[in-house]
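Take a walk through this protein, from single residues out to the whole chain and back again. Keep the structure open as you read.

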Amino acid sequence: MRKRPLCVALVIVVVILFLWRLLGEENLNGEYKGGKKYLTCQVTEISGQSDQISLTAEDVTEGEIPFCFRVKLYNGSREALFSKIKIGNIISVYGEVVSFSKPGNPGQFNEYQYYSEQKISYRVFVQSLTIKDSGYNKIKQWLHEIRGVFFRQMNRVLPEREAGIMSAMLLGEKCALTEEIKELYQENGIAHILAISGLHISVIGAGLFFLLRRFIMPMRVAAAVTGTVLFLYGELTGFPIATQRAVLMMLCVLGARCLGRRYDLLSALSLSALIQLFLRPGVLFQSGFLLSYGTVLGIALFVEPFTGAGWEKSRVWKAVSGSLGIYLVTLPVLLYSYYEITTYSVFVNIMILPFISLLLILSVAGAGISLFSLFVGRFLFGTVYYILRYYEFVCRMAAHLPFTLIVTGCPAWWQISGYYAGLIGWCVWRKRKKEKKGLWILILAFLLLIMPVTGTGRGKLSITNMDVGQGDCACIRFAGKTILVDGGSTDVEKVAKYRISKFLKYYGIRTIDYIFITHSDSDHTSGIMEMVEEEGHMGLQIGEVILPKIKKTDEAYRQIEKSCAKADIRVRKMGKGGWLYIGALTVRCLHPYDSYDWSEVNDYSLVLELTYGKFRGILTGDLGQEGEELLNKELLNTDYLKVGHHGSESASSEAFLKRLRPVISVISAGEKNRYGHPAEEVVKRLKDTGSKVYCTIDRGAVTVETDGEKTEVKTYK
């Protein structure tokens, strides 16, 4: 390390930044929940194409008063407000200012933190816009227009799906990338090829430098021209983290050549990281930064030191060791971000990486030539098309193999630290040629990393009412079994993908043993149907779905049955008197009875009673006051109540609550919902019974844990 002072400096900076993070974060943003304002700002970046354009603007003021440093602007009007905007314009906008959301559940993406680390304070949905100063940055605007030209050319010479992939790979433009392809690549561990990475920069930089140096100009001039082109290419793509790292490292390569010095990969990697951390310290905590640098570190640790004589010099060995190195170094970051292992990613990468250079060369050449000859451009992109189809074929084949995704849960910091200590230990043993001892260290470190630590305590019952917006979803965990009661939302899109499944995977839950659907309203079922209908069920296994046992059914109820049948998921029907035993936990159905004649869907909601030791809980779905009257004779004092119908006035009557006298009451509702849930009268009635009231709007996910004797409440926010 004495020969690499930059590496030492990087370690010191990283430690300082982690300590700074532990001591507390700066609260960058004030809270705005939809207030409209007139703001003046300067446009610094234009993202997206056609009708998906968004702007980034800086030096934001409200009148003459500074408002914040940076905002993200979206079109909140039907008009093409951003069509004439250029980078550098000073604009005045009127629109709705909204804070980025903080997560309400474990495992949920932290939008607030992500944008705060980019010093972006708010999103603004612009309703009107005026250009106050039409002056603009000619170079940045010219690059943005070139980006648009190439984006349109891609869509002229390739089918829509393949054009979206190549636009992401070459231009950093992901607006046309389909969700299906993005997920397919991510699940197979090759999402890195969709980012402008070191390979892209190496192909462009090394190729250009070779041509200029060999045929046109002296070495130093060629290096200067190459460096300038790479910087402009970075600007054209928006300079994402991986591109910044790759360009900085390529400049180190060129500088070493010009000065006649030896290029040191680890020193260049450390220098580029130090520069990025100096400009934006918060970037250290973004997965993109960690994955980008982890990828290069994996190659450095596993390829360069271990390519000796004989067969180890082969390209196959380099590909295998490089892919394995990337996998091992970045694994903790992937688990911390996504909570699952992509089992075959090493082999998938070995099968696709040999074609990347050809893919990039043909794409760059095809995009340029197509401006002059569409026929030749299409001919070159023909090979690109078949390479991409091959990639998709490999990914789909791997996706159908057993154990493609293994849910592990979110590792704790001590697990990650122990794993990296083991990885370093393995490298030390490997250098000393003591492979057998080192291998045991590596295996133990891997087992330590994937060991589940986020489950419920031994002998404890856990009930979590997730924050799903205007909807309902309760997760019950006991004795290694998982029960979902409902799972839907009317104001959160893809609630299963972004909230429910993330929560389950965060806790290492691979199987949902039972799903109770209280009734067929979409705010209770949309997420469940999302999981049931998706091939692979989002990497989760579903045991059986339990529906209310009723004589007449509605169309949505019948659609649930059809979807479950198509997915080969067992459906059971439960009415009053039905039960489910999981060890010492009893789940008993109190409503509806078989011949119940309902008039509204809410009326036939399943009402479930949980008993474990001295603990008693009630979940009521959307049952109204009429249904509550039928239950009054059977009700006893309860420790936990999932308040009916999101705290609506139509439920939770005074007589019902006086009978139950819940110690803890949890209301699931969405912020600023149009129904006014929870009603003030209901909250007052609950408090009058002596209940402690928790609402997911304010508290996020609410977890009730009990050992059958004592009960405690934990809230996520």
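Asn110 is partly exposed, because its relative accessible area is 24%; buried means under 20%, exposed over 50%, and partly exposed in between, with a 1.4 Å probe and protein chains only. Asn110 sits in the loop between β4 (90-99) and α2 (111-116). Helices (H or I, at least four residues) and strands (E, at least two) are DSSP runs, numbered from the N terminus. Setting aside neighbours within four places in sequence, Asn110 is in contact with Ser101, Lys102 and Pro103; contact means heavy atoms within 4.5 Å.

A word on the ground rules. The model is predicted, so local features need pLDDT of at least 70 and side-chain atom pairs count only at pLDDT 80 or more, while totals for chains, interfaces and linings use all residues. Residues are numbered from 1 along each chain as its sequence is written, and side-chain values use heavy atoms, leaving out hydrogens and water.

Now step back to the whole protein. Its secondary structure comes to 23 helices and 22 strands. The radius of gyration is 29 Å, close to the 27 Å that the globule rule gives for 717 residues, so the protein is as compact as a globular protein of that length. That radius is taken over C-alpha atoms, and the globule rule is 2.2 Å times the number of residues to the power 0.38. Along the principal axes, the C-alpha trace spans about 95 × 70 × 55 Å. Of the 717 residues, 50% are buried. Among contacts with a separation of 6 or more, 69% link residues 24 or more positions apart.

Helix α13 covers residues 356-369 and has 14 residues. From first C-alpha to last it reaches 20 Å, close to the 20 Å expected at 1.5 Å a residue. The expected span is 1.5 Å times one less than the number of residues. Buried residues in α13 are Ile356, Leu359, Leu360, Leu362, Ser363, Gly366 and Ala367.

Next, the aromatic rings. Rings of Phe, Tyr and Trp (its six-membered ring) pair if their centres lie within 6.5 Å; planes under 30 degrees apart count as stacked, over 60 as edge-to-face and the rest as tilted. The count comes to 23 aromatic pairs. One of them joins Tyr385 and Tyr386, edge-to-face, at 5.1 Å centre to centre and 80° between the planes. Tyr385 is partly exposed, with a relative accessible area of 26%. Tyr386 counts as exposed, at 60% relative accessibility. Elsewhere, Phe18, Phe285, Tyr336 and Trp413 form one aromatic cluster.

Which lysines sit over the ring of Tyr136? The charged end of Lys86 does, 4.5 Å from the ring centre. Lys138 also lies over the face of Tyr136, at 5.3 Å from the centre. A charge sits over a ring if NZ of Lys or CZ of Arg is within 6 Å of the ring centre and within 35 degrees of the ring normal.

Turn to the cysteines. How many disulfides are there? The count is zero, where a disulfide is a pair of cysteine sulfur atoms within 2.5 Å. Cys68 is in no disulfide; the nearest cysteine sulfur, that of Cys41, is 8.5 Å away. Cys68 counts as buried, at 14% relative accessibility. Cys258 is in no disulfide either, and the nearest cysteine sulfur, that of Cys252, lies 12 Å away. Cys258 is buried too, at 17% relative accessibility.

Finally, the backbone. Two prolines follow cis peptide bonds. His591 and Pro592 are joined by one, with omega about 5°. Pro592 is in the loop between β15 (585-591) and β16 (607-612). The bond from His677 to Pro678 is also cis, with omega near -5°. Pro678 is in the loop between β19 (664-667) and α22 (680-688).

Phe239, which is not a glycine, has phi near 45°. Phe239 is in the loop between α7 (219-236) and α8 (241-259), and counts as buried at 17% relative accessibility. Ala479 has a positive phi of about 50° although it is not a glycine. Ala479 lies in the loop between β9 (471-478) and β10 (481-489). At 57% relative accessibility, Ala479 counts as exposed.
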